[in-house]
Amino acid sequence: MATASLANSDLGRFGDEVKDMSLFPLWERTSGLKPGSNCVPAHWSYAEVRPQLIRACSLITKKEAERRVLCLENPSLRGTTFICDSLFAGLQIIMPGEIAASHRHTPSALRFIIEGEGAYTAVAGEKLPMTAGDFVVTPSWAWHDHGNLGAAPVVWLDGLDTPFAKLFGASFREEYPEDRQPLDRPEGESTAVYGMNLIPDEYHSDGRSSPVLIYPYERTRAAFDSMARAGKPHPAHGHKLRYANPATGKHPFPTMAVSMQRLPAGFAGKPYRCTGSAVFAVHRGEGTARIGDKEFKIRPHDVFVATPWLPYSFAADSELELFSYSDRAGQEALGYWREQVD
């Protein structure tokens, strides 16, 4: 007993001494390797958030704010602006006649148009008119600016892989010398040259950013209509499509996978879980999202986040369409990706 006590005392002193040298004994760790994260599932009601976006427009100008965005910050990550450990999400509003000045940054970005008509994004010299349900690609280090030529506010969901860039110490940013970049490519060039691919979600891959800069919702809707005629929905996902880089067949970003799914009215999905974090935006319809032990009623334009390895499932009160993006592409590239239907 005395020998054991002496050994433990010596070991304790050893631990204290090496910690002063910025060393840590692995045998003292309090938790081992296990899936999941400290992030919690969270839900933002668009009916509650939208008035705050409108209010912000009266309190700060577009020029003062540069980008008038309300970050959707995970309750477990206060002060980070991140919706989960690996992704950023924010709702951006642009009023009639406004311009969001051109800049570029190393994080890749996507836009999913929530509401409004008449807005555009200019990316890498091409002007991209946007309507509700469209998905816009902004590759890493591409110049981009926004404008609203319409008569009403336009709102979209911004999704970025900013946490990846920060993890690697590679968060670079640069302002363009003028508000607008020169437009040296005709409208629709990227889609016309490369086409647009939407392929079944079961196809796994990774890849560089897509050369297609906009994926119009009208084509997504047509693909869903075709799928609905062709077969039964997946027991967990319903009818689900993955946006693909047409040049490679891979994901539209090296780090982020992007999808849209349609759940028929009355659909009750089986629980599903994966190692990825996923941000969902309701395009249309109503239903329920169950994530772990939390349940959210979801309505048009609501946003919610599912966190790693927590089972989640969906139930559709009416035909329900969900846009989503996740860190799946980065996980697949690194060999971390796991999934299962319970």
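Which residue's side chain meets that of Arg 50 in a salt bridge? I looked this up and found Glu 115, at 2.6 Å from N to O. A salt bridge here is a side-chain nitrogen of Lys or Arg within 4 Å of a carboxyl oxygen of Asp or Glu.

**Entry 1: the model**

I note that this is a predicted model, in which local features need pLDDT of at least 70 and side-chain atom pairs count only at pLDDT 80 or more, while totals for chains, interfaces and linings use all residues. Residues are numbered from 1 along each chain as its sequence is written, and side-chain values use heavy atoms, with hydrogens and water left out. I looked up pLDDT, the predictor's confidence in each residue, from 0 to 100. The protein chain averages 92, and 93% of the residues score at least 70. Over residues 203-207 the pLDDT stays under 50, and the model has 20 contacts there beyond four places in sequence; a contact means heavy atoms within 4.5 Å. Where pLDDT is low, the predicted coordinates should not be read in detail.

**Entry 2: salt bridges**

I recorded a count of 19 salt bridges by the rule above. Arg 50 lies in helix α2 (residues 46-59) and Glu 115 in strand β5 (residues 109-115), so this pair ties together parts that are 65 residues apart in sequence. Helices (H or I, at least four residues) and strands (E, at least two) are DSSP runs, numbered from the N terminus. For burial I used relative accessible area: buried is under 20%, exposed over 50%, and partly exposed in between (1.4 Å probe, protein chains only). Arg 50 is partly exposed at 29%, whereas Glu 115 is buried at 17%.

I then turned to Arg 173, which forms a salt bridge with Glu 66, the closest N and O atoms being 2.4 Å apart. This pair links distant parts of the chain: Arg 173 is in strand β11 (residues 173-175) and Glu 66 in the loop between α3 (62-65) and β2 (69-71), 107 residues apart. Arg 173 is partly exposed at 44%, and Glu 66 is partly exposed at 25%.

Arg 328 forms a salt bridge with Glu 339, with 4.0 Å between the closest N and O atoms. Arg 328 is in helix α7 (residues 328-334) and Glu 339 in strand β23 (residues 339-341), eleven residues apart. I found Arg 328 buried at 5% and Glu 339 partly exposed at 32%. I also noted one network, in which salt bridges that share partners join Asp 225, Arg 262, Arg 284, Glu 319 and Glu 321.

**Entry 3: Glu 98**

I located Glu 98 in the loop between β3 (88-94) and β4 (99-105). At 17% relative accessibility, Glu 98 counts as buried. Its side chain makes a polar contact with the side chain of Arg 68 (3.0 Å). A polar contact is a pair of N or O atoms within 3.5 Å; within protein, one must be able to donate a hydrogen and the other to accept it, and residues adjacent in sequence count only if both atoms are side-chain atoms. Not counting residues up to four places away in sequence, Glu 98 touches Lys 62, Arg 68, His 146, Gly 147 and Asn 148.

**Entry 4: helix α1**

I found Asp 10 in helix α1, partly exposed at 36%. The side chain of Asp 10 makes a polar contact with the side chain of Arg 13 (2.2 Å). Leu 11 is also found in helix α1 (residues 2-19) and is partly exposed at 41%.
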